[in-house]
Amino acid sequence: MTDTILIDALTPECRIALLNNSRLTDIQIYRPDGGVRAGDVILGRVKAVVPSIRGAFIDLGDPRDGFLSFSDKAERSPVQEGDALIVQVRHEAMVEKGARLTTRISLPGRYAVYTPDRPGINVSRKGSDHDLADRIAGAVAAEVKPGDGAIVRTAALMLGADGVSRAVTELSALRDAWLDARAVCAQVKPPHRLITAPDPVLQALQGLDAIRTRRIAVEGIDTFLLAKKYLEGSEPGLLDRLEQYQGAEGILEVEGVEAEIDAALIPRVPLPSGGCLYIHETPACVTADVDTDSASNGGGGKGRDIIRQTNGEAADALMRALRLRNLSGNIVVDFIRDGDREVGRTLLDRLVSTSSDDPVPVEVAGFTRLGFVELTRRRRAASLSDILMDHSFGMPGTDKSPETLAYEALRQLHHLAYGTPGRPITIRAHRDVIAMFRGKLTSALCDATLRAGVSVVLEIDEARPRSVAGIFNA
């Protein structure tokens, strides 16, 4: 659950931190050139059909082609090379893989989901008022195009009678967006983006629990106004919890989130009793290893007591780390061997229980013959290290990428100029960081200098490592 959302939108890189009881549970990072996003609906072109893997590669207009898998029931390829095809991004591209696609389109809103070409009205089962559910279903059916369907979400049921009108209004807009997209298909050549996934900030606000949420803090005036407009129209009860943050330090720095992000980029995760968990990403899977290290159970216990305590702490830390680092796919964990099957079953139950709050489905498969624990976490978006770390050798390295460092420098520029506009500033940095400011992030730097009211000179320092520490000279 989330009770606090912090949004840093000072630069084109938008960072959204979700906290619960002052502890970071999720960090989402979006860049304007991040490629196709989950939820995008695209008129693609079939580039290649590969029967051996039961799928096709689709040109999306992205650097990497997306992959569309065929149903197991399909005896022959449902598409041919060169076909124009409407697809939706289900999972975003990874460093080594393109986006995963589907032809089963879903257009989500806060109160309802429109499902083109999939008839049927489904109402969330979490509501207890069956008469209200029937009323909403009837009203929604009138807004759905024949042959299409809809899903009514719990948020609509929670509003009672008002939820009926909100769900209907939202579905009407989603239906019109779909009809417009279909009409555009006849006028454009693939690849062409038909419907853009909802704004990340609005997506985050849509997912908030109106009862549990106690604070929404936004740094960046444009995004603050966007959030305010959305809440005024959709969740006016949350307006008194919205605040515009302004300060000499970044909001994520002040709230301790920056330190947690940096810690999430390091393989070693310390455990409360002194043990540690090591997490490594590989192209094939995520591996995790548990070590007692200097662990103590605090009561003078030895041997199995320490092992069980360390394993339990590691299970909790692993589930939190998977979500925070957005690690997915196949995950193999080497817990400390105990030899007691009942203790092993308890450990698996703990993994299942701890993962229950994760919005991304996690499946705990159990122990292998060699004593490792296997689990999977569904792929949806790039991992934290995919986004922030250098990939010069095809997989995340140990250094932050020049783009990441450049965005960090832009944020520092804003705060360095806070309260003292007009001062001349020199950015002296590694050539790769300077290259970002002279190329990909030229407009972002210009915007930052205008907003901060400063003049900036760029200088290459060959001796300086890839870091933003001390790169400014005022």
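My entries on this structure follow.

**Ground rules.** I'm working on a predicted model, where local features need pLDDT of at least 70, side-chain atom pairs count only at pLDDT 80 or more, and totals for chains, interfaces and linings use all residues. I number residues from 1 along each chain as its sequence is written, and side-chain values use heavy atoms, with hydrogens and water left out.

**Entry 1: cores.** I started with nonpolar cores, meaning sets of buried Ala, Val, Leu, Ile, Met, Phe, Trp, Tyr and Cys residues joined through side-chain atoms within 4.5 Å. For burial I use relative accessible area: under 20% is buried, over 50% is exposed, and partly exposed is in between (1.4 Å probe, protein chains only). The largest core has 26 residues, and the members touching the most others are V41, I86, L107, I136, V140, W178 and L194. Two or more residues each come from β4 (41–50), β10 (112–115), α1 (130–141), β12 (149–152), α2 (154–158), α3 (161–185) and β13 (192–195). These labels are DSSP runs numbered from the N terminus: helices are H or I with at least four residues, strands are E with at least two. Helix α3 gives the largest share of this core, 7 residues.

I then looked up V140, taking contact as heavy atoms within 4.5 Å. Beyond its neighbours within four places in sequence, V140 touches I121, A150, V152, A167, V168 and L171. Another core lies apart from the largest one; it has 25 residues, including V269, I279, V290 and M319. In soluble globular proteins, nonpolar side chains tend to be buried together.

**Entry 2: around β10.** Which way do the side chains of β10 point? A112 and Y114 go one way, V113 and T115 the other, and all are buried. For pairing, I ask for at least two DSSP bridges between two strands. Strand β9 (residues 107–108) pairs antiparallel with β10 over 2 bridges, and the two form a hairpin with 3 residues between them. P108 sits opposite V113. With β12, β10 pairs antiparallel over 4 bridges, and Y114 has A150 as its bridge partner there.

**Entry 3: the six-stranded sheet.** This open sheet of 6 strands has mixed pairing and runs β16-β17-β18-β19-β21-β20. I noted 5 bridges between β19 (residues 329–334) and β21 (residues 373–377), which run antiparallel; V332 stands opposite E374.

Next I checked the helices, with axes as lines fitted to C-alpha atoms (for helices, over the stretch in contact) and angles from 0 to 180 degrees between N-to-C directions. Helix α8 (residues 304–325) lies across β16, β17 (276–281), β18 (286–291), β19 and β21, at about 35° to β17. Helix α9 (residues 341–354) packs on the sheet too, touching β20 and β21, and its direction makes about 170° with that of β20.

Entry 4: E408 lies in α11 and is buried at 17% relative accessible area. Past its sequence neighbours within four places, E408 contacts K400 and V468.

Entry 5: Most residues other than glycine have a negative phi, and most peptide bonds are trans. I logged the exceptions here.

- The P190 to P191 peptide bond is cis, with omega near 0°; P191 lies in the loop between α3 and β13.
- N21 has a positive phi of about 55°, sits in the loop between β2 (14–20) and β3 (23–30), and is exposed at 63% relative accessibility.
- D117 has phi near 65°, is in the loop between β10 and β11 (120–123), and is exposed at 54%.
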